[in-house]
Amino acid sequence: MKLGNIEIKPNTAALAPMAGVADRAFREICVSYGASYVVSEMVSSKGLTMCDRKSKKLLALSEDERPAAAQIFGNDPQIMAESALACLPYKPDVIDINMGCPAPKIAGNGGGSALLKNPDLAEEIMRSVKNAVDLPVTVKIRLGWDKDTVNCIDMAQRAERAGMAAVTLHGRTRQQMYAPPVDLEMIAEVKKSIGIPLIGNGDITDGISAARMLEETNCDFLMVGRGALGRPWVFSQINAYLQHGIILPEPPVSERMRVMVNHVRLICEYKGEKTGIREARKHAAWYIKGIRGAAAYRQQAGTLESIEQLEEMAYKISLSAE
């Protein structure tokens with residue numbers, strides 16, 4: 001698949017732009033396991049244009065995670081265009097516009113998936129951002145706001161007219177949040193309706209589900225979000241199945257714990273131990289999921305104060321699994 005002149009490897013998948021999760025550390029780890037494209041955590045267009053320090057930190061991209069996109073959100077065309085320009089010093093390969101986030105604090109302020117209720121404004125935003133930068137610009141959407149306003153075909157066609165290089169479609173409405181299963185038939189209909197690449201998103205957790213998304217929708221590429229939480233190796237599993245038909249098993253518990261500790265060390269390296277350990281608690285809970293005694297260990301993970309405590313917990317978990 002190509003986004004402008006940016007080429008992405010076939011039969012692979014991208015890491016979705018999950019707020020509070022897909023930071024530099026996690027993106028780099030996912031790339032090491034075969035993610036062929038990553039998108040930053042979404043950044044507030046207003047924050048960027050007001051030189052907010054936190055917003056700018058979210059845009060830090062390393063050479064170890066390319067090709068990579070910077071994702072912005074907001075509901076003002078001019079401010080969105082200015083924020084796209086503000087991303088350029090961080091050298092993203094692509095600018096991505098978030099029109100799919102269902103979080104109340106985003107949609108409640110007119111951004112994210114709320115733009116699905118105002119297609120004219122959404123199209124104006126896409127055109128403004130596209131006209132502001134020379135980079136490929138993409139957009140992420142959902143099926144619609146709710147079951148009575150499913151307008152993803154119209155939104156995707158507007159994206160194509162506005163010059164978007166690709167559309168990412170999460171196969172649920174905003175009302176559905178993350179359940180029930182994604183609507184593969186609707187994703188397939190959107191793919192038929194546009195001439196630009198369509199990236200399928202939702203319920204991709206392994207090689208088999210990745211293949212199903214490709215086969216049933218004919219989409220051009222895949223994006224993995226929640227399926228990678230505590231499981232960055234999911235990209236290796238997807239690549240092995242799509243490229244060679246091989247089903248890779250989940251790694252042993254000791255390997256999962258090794259990856260978890262390395263992940264947290266990387267977070268602390270980039271953000272400092274105090275901030276890193278606080279943010280690592282949720283990641284530790286995801287890595288522990290499904291392990292014998294997981295409930296007690298998750299409770300322990302929620303009180304972690306140091307890397308040493310995490311290493312001790314990981315050691316105990318590894319021993320108990322032998």
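Tutor: Start with E65, which is buried at 0% relative accessibility. Buried means under 20% relative accessible area, exposed means over 50%, and partly exposed lies in between, using a 1.4 Å probe and protein chains only. The model is predicted, so local features need pLDDT of at least 70 and side-chain atom pairs count only at pLDDT 80 or more, while totals for chains, interfaces and linings use all residues. Numbering runs from 1 along each chain as its sequence is written, and side-chain values use heavy atoms, leaving out hydrogens and water.

E65 pairs with R27 in a salt bridge, with 2.4 Å between the closest N and O atoms. The two sit 38 residues apart: E65 in the loop between α3 (53-57) and β6 (68-73), R27 in helix α1 (residues 24-32). R27 has a relative accessible area of 1%, so R27 is buried too. A salt bridge here is a side-chain nitrogen of Lys or Arg within 4 Å of a carboxyl oxygen of Asp or Glu. Helices (H or I, at least four residues) and strands (E, at least two) are DSSP runs, numbered from the N terminus. The whole structure holds 22 salt bridges.

Next comes D120 with R158, whose closest N and O atoms are 3.0 Å apart. D120 is in helix α6 (residues 119-132) and R158 in helix α7 (residues 152-161), so this bridge ties together parts 38 residues apart in sequence. D120 is exposed at 52%. R158 is buried at 13%. Both belong to a salt-bridge network that also includes E123, R127, D154 and R161.

R281 and E305 form another salt bridge, at 3.3 Å between the closest N and O atoms. R281 belongs to helix α12 (residues 273-288), and E305 to the loop between α13 (294-301) and α14 (307-321), 24 residues away. R281 is partly exposed, at 22%. E305 is exposed, at 54%.

Now the interior. A nonpolar core is a set of buried Ala, Val, Leu, Ile, Met, Phe, Trp, Tyr and Cys residues joined through side-chain atoms within 4.5 Å. The largest has 63 residues, and I97 and M99 touch the most other members. Beyond its neighbours within four places in sequence, I97 is in contact (heavy atoms within 4.5 Å) with residues including I72, M80, I125, V139 and M164. A separate core of 23 residues includes W233, V253, C268 and A314.
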